[in-house]
Amino acid sequence: MNLREQIQQYRAWNEQEEADRQLMLEFLDNGRDVFSRSNRMAHFTASSWITNREHSKILMVYHNIYHSWSWTGGHADGEEDLLAVAIREAQEETGVKNIHPVTSDIFSLESLCVDGHEKRGKYVSSHLHLNVTYLLEAEEEDRLKMKPDENSGVRWFGLWEALDVCTEPWMKERIYQKLNERLLRLEKEI
């Protein structure tokens, strides 16, 4: 199943996700280069909410641009298999090699505003990330390693502690809280 079909079939968790799902479908149908940063207005990214085996902790990185503890993720850069992008980015940003999906299904959808910033000495204009999130699992015992050009810390946090250490109000209140609620509901279903 291609990404458009996955997003089309995705059951939105809330009003934000339904609005963002429709936006993503519009971009997939009408946009150009939506899997590339060459589309400077909006492009697809993939993120992951990484949990331990017991689903009691979240693995986060301290993001250098946003100066906050955050999830892992990155740009599609031409790749349409966003689960593969999420896994690759999680491995690169945390140093953990043994990361696997809890499910291959989309875990969450969000359109994220990215403020203009400097990256590798160049200015990047404000734009929109059409973000697809996946639920991944990793072993707590695996060695953690920073990716200094992107983050300055990698650490496990309790589910709600992960929200407390985030300094971005929108991410904390609207995204990470939703991801924890979804994780807890998933636990009840298993």
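**Figure 1. Aspartate 81 caps the N-terminal end of helix 3 in this predicted model.** A side-chain oxygen of aspartate 81 lies 3.3 Å from the backbone nitrogen of leucine 83. Helices are DSSP runs of H or I with at least four residues, numbered from the N terminus. This is a predicted model, in which local features need pLDDT of at least 70 and side-chain atom pairs count only at pLDDT 80 or more, while totals for chains, interfaces and linings use all residues. Residues are numbered from 1 along each chain as its sequence is written, and side-chain values use heavy atoms, leaving out hydrogens and water.

**Figure 2. Helix 3 covers residues 82-94.** Buried residues of helix 3 include Leu82, Val85 and Ile87; buried means under 20% relative accessible area, exposed over 50%, and partly exposed in between (1.4 Å probe, protein chains only). Just after helix 3, glycine 95 has a positive phi of about 80 degrees.

**Figure 3. The whole structure has 0 disulfides.** A disulfide is a pair of cysteine sulfur atoms within 2.5 Å. The sulfur of cysteine 113 is 15 Å from the closest cysteine sulfur, in cysteine 166, so the two are too far apart for a bond. Cysteine 113 counts as exposed because its relative accessibility is 71%, whereas cysteine 166, at 4%, counts as buried.

**Figure 4. Aspartate 20 is found in helix 2 (residues 15-30).** Heavy atoms within 4.5 Å count as a contact; aspartate 20 touches Leu109, Glu110 and Ser111, not counting residues up to four places away in sequence.

How values were computed. Helix = DSSP H or I, 4+ residues; strand = E, 2+ residues; numbered from the N terminus. Expected span 1.5 Å × (residues − 1). Polar contact = N/O pair within 3.5 Å; in protein donor to acceptor, adjacent residues only side chain to side chain.
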